[in-house]
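Dear colleague,

I am handing over the structure below, and my notes on it follow. Please read them with the model open beside you.

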Amino acid sequence: PLLLPRLSQTEAIKYSSIFLTCTSVFSFMTFAIATPLGKRFGERKMMGIAFSMSAFAYILFYPVGPGYIPRIQWTPLSNVSISNPNNTEVAGCNWQNKWCHTQHRLNIAQFLVANSILLFSYPLGVVLLLSRTSKILGPHPQGTVMGILTAVGSFSRAVGPAIFTSLFQAFGPPAMVYVLAPALSIAPILVFLGSNHLETFESRHEKLQRDLFT
């Protein structure tokens, strides 16, 4: 309700739940096509594209309007009737937060496009990252490395909401863009710079064999 226009908290939760249910099917389809896309265009290239799309999606989350977030219209407790079924739900921005004074709304079309890009690029990047890691390790034991990747992901999902909730309350929605977009922009740069170190075990073994017999 803080960003999307004309939506109460109940409506925002309702429509967000419907949207997330639909996009979960979309994400499942992305998991299914990630491997064929990696084989067709190359895993390293598709990883860079996926991370770049994720960074672009967070840039699109920057609220640009039209209009500003409405201020909460508080109703005096003496005027509120518990038995009144016509009481409307209060929605808006808590004016005690300084960023509420100048914060634009988030356009619904902008919200849908950003979410769609993110929900396509995220599973694509995760699948290709795990697949590439497995191929780099080759016949070597993979449990430790895969366990580290899983642990790092679990830690970020546990700690991330607490950190970004505090950032949101202190600085508003743009804080998410200022932190996440640059962080995700680093990933495709690292993939490009470290492309030679992302060769599969089979590729390195074949090069070694050629060097030995030539």
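Contact here means that heavy atoms lie within 4.5 Å. Leaving aside its neighbours within four places in sequence, tyrosine 122 is in contact with Ser54 and Arg157.

This is a predicted model, in which local features need pLDDT of at least 70 and side-chain atom pairs count only at pLDDT 80 or more, while totals for chains, interfaces and linings use all residues. Residues are numbered from 1 along each chain as its sequence is written, and side-chain values use heavy atoms, with hydrogens and water left out.

Tyrosine 122 sits in helix H3 (helices are DSSP runs of H or I with at least four residues, numbered from the N terminus). With a relative accessible area of 48%, tyrosine 122 is partly exposed, a class that lies between buried, under 20%, and exposed, over 50%, for a 1.4 Å probe and protein chains only. Although tyrosine 122 and serine 27 are 95 residues apart in sequence, their C-alpha atoms are 8.5 Å apart in space. After H3 comes glycine 138, whose phi is positive, near 65 degrees.

The other finding concerns helix H2 (residues 43–60) and helix H5 (residues 174–193), whose axes come within 8 Å and cross at roughly 165 degrees; axes are lines fitted to C-alpha atoms over the stretch in contact, and angles run from 0 to 180 degrees between N-to-C directions. H2 and H5 are therefore roughly antiparallel to each other, the word used for angles over 145 degrees. Among the residues that meet there are Phe51 and Tyr58 in H2 and Leu184 and Pro188 in H5.

Methods:
Helix = DSSP H or I, 4+ residues; strand = E, 2+ residues; numbered from the N terminus. Parallel < 35°, antiparallel > 145°, perpendicular 65-115°, else oblique.
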